[in-house]
Amino acid sequence: MQLNGLPFPGREREQAVLRSFITDLAAGRPAVVTVSGSPGSGRGPLLRWTARLAEERGLRALTARATPGESELRYGVVQQLLTTLDGISDRTLAALAEPGRDSGLPGLAELLRSAHHRPTLLVVEGVEWLDPASRRWFDALVRRLPGKPVALLSSGSGVSHHGWCGGSPLPGPVPTRQLALSAFTVREVATLIAAVCGRPGEEAFTGAACEIGAGNPMVLHKALGQFTARGLEPVAGRIPELRALIEAIRGEYAVRALSGLSDTAVAAVRALAVCGELLHLPLLYALAGPHAASEPGLGAALEASGLATASGAGLRLCCPEVRNWILEDMPGDERAELHARAAELAHRAAVPDEDVARLLLAARPLGEPWVVPVLRRTATAALRAARPGHAIACLSRALEEPLDPDGRAQLGLELAAIEVLGAPEASDRRLTEIIRGAGASARDRVRAADLGLTRGGVESLRSAVASALPTARDGEREALSGLFRLTEPCRDDDADLMLPEIPALPARPTDPAQAAARARQLAFLGEDLPTARALARRAFTDEPGTDALILPRLTAGRILLLTDDLDEAEARLDALHLDLRRRHARAAAALVLAVRGELNLRRGRLDAAERDAAAAGRALPPAHWHPYHAPYLTALRITVALDGGHAGQARELAAEPAPAEAPDGASFAHLLFARATVAFRDGRHAEALELFLGCGRRLLRRGRANPALIPWRSMAAAACHALGDHEEAQRLSQEEIALARRWGAPSTLGLAQLGAGRVAHETRDHRLREAVQTLRPTTARLAYANALIDLATTELDAGTPQAAAPLVAELFTFTTTHRPSSRLTARVRALAERLGQPAAPGLGPHPAWATLTEPERRTATLAGLGHGNREIAEMLSVTRRTVELRLSGAYRKLRIAGRAELHALVRATEGYGTDVA
């Protein structure tokens with residue numbers, strides 16, 4: 001496609017100047033015009049168009065092109081011009097061709113004589129590459145131009161080379177003109193897009209094309225031509241395809257430009273591609289080789305090629321995107337060596353770690369003591385910036401350096417902790433190698449086993465731990481055997497029979513891992529709660545310290561949850577989570593957050609549980625959870641959605657397929673229980689019963705009889721009751737009460753009693769009062785609230801609203817800490833309506849009450865009910881400072897002075913009287 005004789009629009013002003021230039025030449029008036037611009041700006045097409053125009057008007061046009069490869073060829077460009085001139089003598093041609101012969105200015109007089117018969121245009125491209133002899137020849141020509149019908153049209157990059165400035169007018173006593181070609185503007189790019197694509201481009205596409213192509217006409221024209229040939233439309237959605245085309249075209253140009261440069265210049269360009277602007281010019285030349293600093297005009301040659309441009313006191317690549325094209329032709333070992341030398345120079349020049357690490361990633365091993373610390377620091381910074389892939393790359397590269405066995409094991413541990421995000425299988429393999437490796441220290445083998453088993457990599461790691469036990473000694477042997485006992489084979493096969501004999505756990509172990517394992521045994525069986533509690537606390541004796549094991553502490557935190565020591569469990573889990581964040585152990589940290597979410601659910605902190613579930617998914621996206629742990633997170637999310645009043649979301653989560661290996665893991669029972677609860681709430685009682693019983697079978701098969709783990713019996717009893725099987729319902733509920741009494745945790749017993757009350761007939765109110773009485777002093781606030789609701793409902797059904805009223809009043813505190821949409825709030829609202837009381841907070845007479853935000857309303861209501869700031873902070877899972885700020889906002893909006901007025905306002909607003917708390 002030709003537009004005004006050019007491949008692209010946008011050079012109309014320059015074409016007008018050149019038309020006038022040719023008109024003057026036809027009238028016998030000499031002139032000199034120089035066209036300057038960067039490669040791709042359109043210098044060549046303009047010169048060729050002008051030559052054609054001259055010939056169309058009957059003028060003679062002689063053309064030549066200077067190149068880097070011929071910049072030392074004597075009279076190379078003059079010879080190109082004169083060989084096409086009619087009447088040139090053989091003697092002149094011989095003088096031009098003979099390197100050592102000096103015969104003045106060969107051919108100049110003949111050219112000027114010939115021009116008297118036919119005006120002549122001399123067109124020279126790339127004057128910055130003129131050889132010295134041709135330069136002298138053209139200087140002499142310009143001095144002789146007055147009165148001669150000869151014009152000179154040249155082009156260049158505008159960069160000085162060998163004393164010649166290709167972008168400046170030639171000196172001489174004739175009219176001269178310089179045309180500087182600038183990059184295309186957005187408007188000119190829009191015109192080009194419309195011309196090439198046949199339709200206007202979208203605004204976003206046009207702006208992106210101008211930015212990506214840097215307004216380079218030739219690059220844009222070629223890229224748009226290929227873009228259109230592929231049948232693509234100039235719309236925003238096609239910007240990635242255009243970007244790829246432009247980068248490929250630039251890369252191809254870079255390769256062609258390199259082929260015309262000297263070896264030293266090529267080495268300098270490659271050094272630029274490796275270092276960018278990291279090194280000052282002297283260091284860059286040192287990287288390029290011994291001749292770079294001494295080669296005359298090297299910087300000008302690089303700029304003239306269009307590959308580099310001046311940047312402060314140094315150079316940089318014009319298009320950083322082409323660095324891979326520049327380096328890919330190098331043999332791999334040479335490229336690695338270049339990066340290694342660049343890294344050494346950058347380190348000596350105190351370049352930031354991130355930049356030195358980038359060079360090291362492509363370098364051969366250096367064996368220098370500073371390399372591993374630089375890569376390690378860079379990996380840590382990458383993790384803080386949420387770039388785990390870069391951290392993995394840095395630590396993997398560090399492992400290529402010569403290291404002692406202990407240093408290699410420590411690096412492997414760090415790497416394995418973050419590989420779970422992108423390569424969990426590689427993480428397990430790496431940890432297995434450390435456990436089995438003869439060179440690793442006892443400390444590192446224990447840490448590797450701990451990290452891998454916590455993540456869930458059970459099969460291969462249990463085998464590795466068992467194989468390491470026969471040679472382990474003292475503390476290592478105790479820790480490894482404890483870690484082994486903290487896991488269990490996931491498949492129902494005889495794999496453990498093939499393992500070496502594992503030492504039995506002592507009844508009262510002192511090692512933290514063994515203590516946690518023994519506490520776990522007791523808790524699963526539901527026996528000897530005081531001993532289980534004491535052993536769980538012993539698992540924390542290694543704190544604080546970088547070597548404190550993860551799995552024993554996580555297990556112990558869960559056991560304290562089962563023993564009703566929720567305050568202590570929460571504090572321990574919080575400390576563990578902070579430790580794991582510091583270690584960048586994201587898989588373990590995510591699991592801790594999920595356990596904390598379960599704890600907050602038991603305490604009735606729905607908002608906090610929802611935050612923990614979301615944080616667990618952010619710390620380790622669900623797709624990266626080990627298949628044996630993923631069901632636990634899903635079960636937590638289902639329960640949070642159900643209790644939050646989002647039944648549809650709970651159904652969607654329950655319907656999601658679990659990972660293929662998930663049924664082999666212990667946490668699959670949690671998912672079955674959550675799915676069963678969804679089915680039960682939806683009235684699908686037969687399906688719910690099968691799922692509850694399936695959950696129970698899995699637990700019992702693994703020796704987990706304690707109802708504190710999952711109260712599947714009471715829920716299965718409720719399903720049997722709904723299906724009319726009252727005898728089985730009674731059997732299941734009584735079995736759960738018996739097991740709960742054996743375990744001894746009040747919350748577990750209260751839940752069992754609540755389940756029994758729900759399936760009882762004549763003794764229903766008695767059973768429910770027992771549950772309320774048992775649960776009242778515990779921290780299981782959600783279970784307590786449900787017991788109050790069931791008892792209040794029973795009293796209303798029995799026609800005794802006066803007995804239900806104080807229960808509903810007490811429930812109001814719970815609704816204040818829950819969202820209006822939560823299931824608990826909805827049930828309390830229904831009870832309040834049956835009693836004829838206000839159905840929801842915030843309906844009182846004070847006009848400013850509605851202006852409070854929901855957090856302010858909750859906080860103000862609890863404060864008005866008599867709760868202190870510390871207690872409110874715990875109930876709402878916020879800091880005391882947050883409580884203070886919310887109360888200040890509420891006081892300001894309500895225009896009251898303090899708690900006394902707030903108490904009166906809340907009492908009037910809610911209508912429950914002074915004894916509401």
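Thanks for coming. One thing to say at the start: what you see above is a predicted model.

Let's begin with the protein chain as a whole. There are 917 residues, and 54% of them count as buried. The secondary structure comes to 44 helices and nine strands. As for overall dimensions, the C-alpha trace spans about 130 × 75 × 50 Å along its principal axes. The radius of gyration is 41 Å, whereas a compact globule of 917 residues would have one near 29 Å. If we take the contacts with a separation of 6 or more, 68% of them join residues 24 or more positions apart.

Now for the empty space. Rolling a probe the size of a water molecule over the atoms shows where such space is left. Searching the whole structure this way turns up seven cavities of 30 Å³ or more. The largest cavity has a volume of about 650 Å³. It is lined by 33 residues, and the closest to its centre are Arg-520, Phe-524, Arg-558, Ala-666 and Arg-704.

Next, an open site. The second largest pocket has a volume of about 1300 Å³. Its lining is made of 46 residues, with Phe-673, Arg-681, Pro-711, Met-715 and Leu-751 nearest the centre. Helix α28 turns up here again, supplying at least two lining residues, and so do α30 (630-643), α32 (668-681), α34 (712-723), α36 (746-759), α38 (781-797) and α40 (823-835). By class, this lining has 25 nonpolar, ten polar and eleven charged residues.

Which residues of α5 are buried? They are Leu-108, Glu-110, Leu-111, Leu-112, Ser-114 and Ala-115. An α-helix has 3.6 residues a turn, so residues three or four places apart point the same way. You can look for that in the model: Leu-108, Leu-111, Leu-112 and Ala-115 are among the buried residues. The cover over the buried residues of α5 includes strands and helices, among them β2 (60-65), α3 (76-82), β3 (120-125) and α6 (132-143).

Further along is Gly-251, in helix α10, residues 239-259. Gly-251 counts as buried because its relative accessibility is 0%. Leaving out residues up to four places away in sequence, Gly-251 touches Val-322 and Trp-325. Gly-251 and Val-322 are 71 residues apart in sequence, yet their C-alpha atoms are 4.9 Å apart in space.

My last stop is Thr-378, in helix α17, residues 371-384. Is Thr-378 buried or exposed? Thr-378 is buried, since its relative accessible area is 2% and the cut-off for buried is under 20%. With residues up to four places away again left out, Thr-378 touches Asp-353, Glu-354, Ala-357, His-390 and Cys-394.

That's my tour, and I'm happy to go back to any part of it on the screen.

Notes
Residues numbered from 1 in each chain as written. Predicted model: local features only at pLDDT ≥ 70, side-chain atom pairs only at ≥ 80, totals over all residues. Heavy atoms only, no water. 1 Å grid on protein atoms, 1.4 Å probe; cavity = no way out; pocket = protein on both sides within 12 Å on 5 of 7 lines; lining within 4 Å. Points joined across faces, edges and corners; volume = space filled by probe spheres on them. Helix = DSSP H or I, 4+ residues; strand = E, 2+ residues; numbered from the N terminus. Buried < 20%, exposed > 50% of the residue type's maximum accessible area, 1.4 Å probe, protein only. Contact = heavy atoms within 4.5 Å. Rg over C-alpha atoms; globule rule 2.2 N^0.38 Å. Nonpolar A, V, L, I, M, F, W, Y, C, P; charged D, E, K, R; others polar.
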